[in-house]
2 protein chains.
Amino acid sequence: MEDKFSLISQIFKDVLSKIKPSADLKAQRQHIVKNIIAEIKKFNYNADIVGSLAKETDLAYDADIDIFVKFSPSIRKDELGKTVIEIGEKILSDTEIDYAEHPYLRGKFKGLTIELVPCYDFGEGIFGDFKKSATSVDRTLYHTRYVREKIKKASDKISLNDEIRLLKQFMSSCNVYGAEASIKGFSGYLAELLCIYYGCFIDVVKHASEWKLNTFIDVENLWEGHGKILFGEPLIVIDPVDKNRNVASAVSEENMAKFIYACRKFLLSPSIDFFFNAGKKEKITVEELIRIINERGTKFIAVFYEHPYININNLYPQLEKTRKTLTKQIENFKFGIMNSKSWTNGKNKSAIIFEFEIFELPNVETINGPPIDTPISYQETFLNMHKNAKLGGWKWIASSKRKFTKAEDCLKFLITQKHGFGKEFINLEGKIEQDEKILNDEIMDVFAEIL
Amino acid sequence: MEDKFSLISQIFKDVLSKIKPSADLKAQRQHIVKNIIAEIKKFNYNADIVGSLAKETDLAYDADIDIFVKFSPSIRKDELGKTVIEIGEKILSDTEIDYAEHPYLRGKFKGLTIELVPCYDFGEGIFGDFKKSATSVDRTLYHTRYVREKIKKASDKISLNDEIRLLKQFMSSCNVYGAEASIKGFSGYLAELLCIYYGCFIDVVKHASEWKLNTFIDVENLWEGHGKILFGEPLIVIDPVDKNRNVASAVSEENMAKFIYACRKFLLSPSIDFFFNAGKKEKITVEELIRIINERGTKFIAVFYEHPYININNLYPQLEKTRKTLTKQIENFKFGIMNSKSWTNGKNKSAIIFEFEIFELPNVETINGPPIDTPISYQETFLNMHKNAKLGGWKWIASSKRKFTKAEDCLKFLITQKHGFGKEFINLEGKIEQDEKILNDEIMDVFAEIL
């Protein structure tokens with residue numbers, strides 16, 4: 001037992017030596033932040049650093065800096081983005097505008113990527129009584145304040161900063177880190193809350209290894225034991241600054257399960273490998289993939305889209321909606337899908353990849369008609385439409401020429417119909433490719449996930 | 001209206017002229033019956049003619065004569081058949097023993113086919129209070145008596161004999177006549193009851209054309225309006241001599257529907273054609289069939305059995321059981337069946353024919369494993385069995401080599417396993433044929449039904 005303890009301690013030390021920003025790096029980052037805030041001040045706006053850097057839970061290689069420009073609640077929402085862009089374009093270089101709930105600016109400052117985000121400043125908030133949110137980012141200032149206070153409070157016993165860094169690194173390594181729509185994993189704030197709740201990294205791992213579906217964590221006990229039934233997500237972690245919000249709402253069942261399994265394996269045989277590319281699939285070559293596909297005997301068909309840049313948090317849900325709607329529609333035509341995946345390069349290309357279990361069907365299909373004791377007019381309509389109708393049990397059945405005997409023809413038809421497609425995909429023309437033609441270097445990782 | 005009435009009257013006359021036994025034929029049949037009964041009397045047994053000849057509802061071409069040899073209820077059941085066979089073999093020529101509930105004898109007498117059946121004689125029965133049945137044939141004497149009395153009672157207004165003959169002929173022509181397991185249609189007694197209940201042939205047709213599922217006919221009102229929920233069959237006609245028996249229990253939904261539809265069509269445009277081969281499918285040639293099958297793009301696979309003679313009412317239900325069980329088992333392996341049919345030549349050959357919609361599947365299949373929050377030991381078992389397991393949502397999934405990628409291989413396996421097969425089929429070895437090899441002159445009619 002003593003051995004295992006010292007082994008784990010050593011692993012943590014080794015991990016931190018690789019991921020914790022050095023004193024120099026810390027000083028450099030803070031210096032840049034101060035500079036930017038000072039620059040913004042010149043335009044008569046206050047700004048705050050938020051995110052991991054503000055809470056000192058940042059990782060050495062994670063160089064993104066989020067700065068929130070604060071506005072009085074009296075200013076109209078649509079002014080916020082405009083102003084931040086104006087200011088940002090004067091301070092930063094290589095700027096680009098992006099859109100989440102409202103526009104914000106991304107740019108460079110002394111080599112680091114900075115995001116300038118507008119928010120309202122509601123003054124001092126009381127934890128657990130946060131009601132004044134106007135936009136989804138307005139909570140962030142309060143999250144930052146909450147985590148900082150908790151870390152400070154614990155600091156005479158433990159460095160929660162480092163515990164959080166370990167957890168983020170562990171989650172990142174097993175591919176469950178990030179609340180973006182394309183990842184559906186654990187946000188940085190969620191990792192922080194778990195460490196605050198359970199006390200340290202290893203206790204998060206121990207508890208998570210035994211999580212059930214609908215695990216409910218109420219960090220500040222805001223619901224006094226009565227909140228669980230109000231939330232339907234696989235994992236529920238109540239936001240200490242807003243008891244009506246589940247911080248873990250983005251976490252998919254699959255990512256929660258992956259995390260649980262990684263925790264179990266780590267406890268069984270702790271190793272530094274869990275912190276670095278544990279979830280990384282081995283790269284396979286195109287040739288190897290062709291061999292595997294042929295061996296499976298399934299059929300791969302993909303729809304490719306080219307489009308202008310769309311923020312991935314807007315794009316990905318639409319791509320997923322399109323994938324799900326297509327899957328349902330294809331299966332209504334009796335083809336069978338074994339796997340399907342959305343893919344995007346995050347810039348200008350997206351694709352939906354289907355692996356078909358049933359991709360060819362006979363020329364005829366059976367059509368069910370009305371029962372013999374329905375009103376005669378229904379029956380006549382069916383009998384007029386289907387000259388070969390016969391009684392199959394109590395109802396009429398007919399055999400009819402099938403609309404599509406090949407999955408690719410069915411898919412071709414559906415992507416021109418576009419019923420139930422994601423908003424942006426209604427105006428795009430998809431292009432169908434199949435078999436080896438799907439495979440290219442960009443898209444290979446998706447296949448690693450499927451196969 | 002007058003025109004339609006006289007048209008229908010003319011049709012009935014024309015039909016009866018073809019199907020009603022002539023005075024000569026009637027005399028000849030009755031003479032033979034008397035002779036046989038007299039012969040039996042010599043062995044000190046009483047016998048009764050039953051069935052259509054006894055009720056004078058027989059058809060000219062339907063030459064079967066059923067004679068019941070009556071035994072005292074004090075005689076043991078297993079003696080009955082033995083005695084009848086002994087007597088019959090002395091009276092009849094070309095005899096053969098058959099088995100229903102107990103053995104009986106079939107043979108020739110002056111060129112006519114005679115069935116000698118043993119039964120108990122319980123004396124005078126009261127209609128609607130028949131409780132003493134020892135074997136299923138014991139009701140027959142009472143049925144005969146009931147129908148004869150009803151015909152006699154109505155005889156000053158209408159010849160129910162002829163109305164019944166019309167109905168039997170109509171049913172026979174549209175292939176729904178016969179309560180045998182291989183037909184699942186209307187028995188002669190049921191046709192008689194329908195005419196008694198509705199009053200004449202044309203009123204049976206009018207009412208039947210509007211039958212709903214679970215139509216309930218209580219001829220003698222033995223249930224006083226409360227019996228319907230006790231019977232689950234599509235058509236319920238309470239036996240006037242046994243209120244707990246549904247005379248129509250053999251009628252399948254499909255045959256009831258066929259009859260309803262034929263009645264409707266007859267009312268719309270009455271014609272003599274409805275009485276002669278209305279339900280007859282056109283014969284198609286093997287060449288034509290091959291063309292149709294190829295055009296459909298489906299796959300036909302059949303299992304053939306050779307066996308000793310089995311009474312069709314025992315054989316057919318077992319064949320159907322085997323067909324249904326195989327269908328279910330094949331679909332568990334993910335193959336798709338569009339049509340299936342049992343076939344037998346009624347002597348020594350049977351077959352089950354499948355038309356496959358999905359007859360080829362990829363080499364791999366997806367196996368569902370336990371969820372991540374089940375006991376670890378379950379998960380370990382699955383993970384050890386499936387080295388490629390991954391988390392698909394909340395549960396483990398794996399891809400595995402499929403046991404059967406071709407429907408014929410699956411079928412080959414299942415007919416050696418014989419799980420859930422009909423009793424007689426457990427000891428038989430089936431032989432699989434596919435595509436054109438299935439087609440032979442004997443079996444062609446089944447295809448006419450499927451296609």
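Colleague: Which domains does the domain assignment of chain A give?

Modeller: For chain A of this predicted model, the assignment gives domain 1 (2-275), domain 2 (286-361 + 404-450) and domain 3 (364-401), the bounds coming from an automatic or database domain assignment. The centres of domain 2 of chain A and domain 3 of chain A, taken over C-alpha atoms, are separated by 35 Å. Residues are numbered from 1 along each chain as its sequence is written, and chains are lettered from A. Local features need pLDDT of at least 70, side-chain atom pairs count only at pLDDT 80 or more, totals for chains, interfaces and linings use all residues, and side-chain values use heavy atoms, without hydrogens and water.

Colleague: What makes chain A and chain B related as by a two-fold rotation axis?

Modeller: Copies are superposed by least squares on the C-alpha atoms of residues with pLDDT of at least 70 in both, and a rotation of 180° with 0.0 Å of shift along its axis superposes chain A on chain B, with an RMSD of 0.1 Å. The two copies are therefore related as by a two-fold rotation axis. In chain A, the C-alpha nearest the axis belongs to Ile358(A), 4.0 Å from it. The same surface serves both copies, since 100% of the contact residues of chain A recur in chain B, where contact means heavy atoms within 4.5 Å.

Colleague: Why is α8(B) called roughly perpendicular to α9(B)?

Modeller: The axes of α8(B) (residues 201-208) and α9(B) (residues 253-268) come within 8 Å and cross at roughly 115°; axes are lines fitted to C-alpha atoms, for helices over the stretch in contact, and angles run from 0 to 180 degrees between N-to-C directions. Angles under 35 degrees count as roughly parallel, over 145 as roughly antiparallel, 65 to 115 as roughly perpendicular and the rest as oblique, so α8(B) is roughly perpendicular to α9(B).

Colleague: Which residues of α8(B) and α9(B) meet, and how do they divide by class?

Modeller: Phe201(B), Ile202(B), Val204(B), Val205(B), Lys206(B) and Ala208(B) in α8(B) meet Phe259(B), Ile260(B), Cys263(B), Phe266(B) and Leu267(B) in α9(B). By class, this contact has 10 nonpolar, no polar and one charged residues, with Ala, Val, Leu, Ile, Met, Phe, Trp, Tyr, Cys and Pro counted as nonpolar, Asp, Glu, Lys and Arg as charged, and the others, Gly among them, as polar.

Colleague: What makes α11(B) oblique to α13(B)?

Modeller: The axes of α11(B) (residues 312-332) and α13(B) (residues 407-417) come within 10 Å and cross at roughly 130°, which means that α11(B) is oblique to α13(B). Leu326(B), Gln329(B) and Ile330(B) of α11(B) make the contact with Cys410(B), Leu411(B), Leu414(B) and Ile415(B) of α13(B), and these residues divide into six nonpolar, one polar and no charged.

Methods. Helix = DSSP H or I, 4+ residues; strand = E, 2+ residues; numbered from the N terminus.
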